[in-house]
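Thank you all for coming; I would like to talk today about how the inside of one protein chain is put together. Please have a look at the sequence and the structure first, and then we will go through them step by step.

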Amino acid sequence: MASHLVVRACPPFRAPGSSGVPGASAPAAAPLAAPAAAEQELERDSRSLLDAAELERARAMTPRTREDFLAGRLAQRRFAAELLGVPASELTACYSCPRCGTGANISHGRPGYLLRGEAVPLLLSLSRSAGWTLLGGVVDPNPGLGLGIDVEDPARADFDGFDDVVLTPAERLHLAGLHGLPLLRGRARLWARKEAWLKLLGTGLQTAPDTLDVLDDALRTGVNGHAGLRDLPAEETGLPAELVAAAAVAVLP
């Protein structure tokens, strides 16, 4: 039986209509958090729930980037805890980087958690765009399963040279004749697919994006009964319709 992908979108920190820190529980009738109160809640929850390596990384960031980073990490930890049915406070971050290794002292790379010193049976992936955070998780993954998820803002694909740097010849042909917003959405859709697949591989942009054809039927079909690479519609993610997203869930041969 294929492992089930769960996705969740968290709005930008302090966005209009937001109640404060993404993932935090609050009474339904609670008033919206004022900026100062939201900042205090973010700082309090970060000190309470996040680990030393995460907090150390955040200290080197500019204030706005720091807020987004901390809010995303809190949302991811709460998401993981919910999927596992455990308190978020009992999880310890354990990231894995191909160059730096794996452990509680690593704050970047592929996300993971420990529970009482043991690795939890959970695949996670996180992506941010336009202030939004998109989370993906698979509980009790089948052996060899990988996960990658990505969200993109089409406005960021509006620059000269995008096609030459990012797209394969087949992908450039696929977008031929498009202009304006349809072209930008087409570019962003392909870029989101590439990012998701490269996260699944664990190589990131060490692999040149123009060498990866994400229109390839083999990537879309997947293997061993898994969905492979696919677009994520807004009704599944909860993201605004103007953003595009993709997920890669596959057992690599």
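In this model, which is a predicted one, the largest nonpolar core holds 30 residues, and the members that touch the most others in it are Leu70, Leu91 and Tyr113. Several elements each supply at least two residues of this core, among them helix H1 (35–49), helix H2 (52–59), strand S2 (91–93) and strand S7 (122–129), while helix H3 gives the largest share, with 8 residues. In soluble globular proteins, nonpolar side chains tend to be buried together.

Let us stay with Leu91 for a moment: which residues is Leu91 in contact with, if we leave aside its neighbours within four places in sequence? The list includes Ala80, Ala81 and Leu84, as well as Tyr113, Leu114 and Leu115, and also Asp51 and Arg77. There is also a second, separate core, made up of 21 residues, including Ala157, Phe162, Leu212 and Ala250.

That brings me to strand S11, residues 244–251, where 8 of the 8 residues are buried, so the strand is largely enclosed by the rest of the structure. In a regular strand, the side chains alternate between the two faces of the sheet. In S11, Val244, Ala246, Ala248 and Ala250 point one way, Ala245, Ala247, Val249 and Val251 point the other way, and all are buried.

Finally, S11 has antiparallel pairings with strand S9 (residues 145–152), over 8 bridges, and with strand S10 (residues 228–232), over 5 bridges.

How values were computed: Residues numbered from 1 in each chain as written. Predicted model: local features only at pLDDT ≥ 70, side-chain atom pairs only at ≥ 80, totals over all residues. Heavy atoms only, no water. Core = buried A, V, L, I, M, F, W, Y, C linked by side-chain atoms within 4.5 Å. Buried < 20%, exposed > 50% of the residue type's maximum accessible area, 1.4 Å probe, protein only. Helix = DSSP H or I, 4+ residues; strand = E, 2+ residues; numbered from the N terminus. Contact = heavy atoms within 4.5 Å. Pairing = 2+ DSSP bridges.
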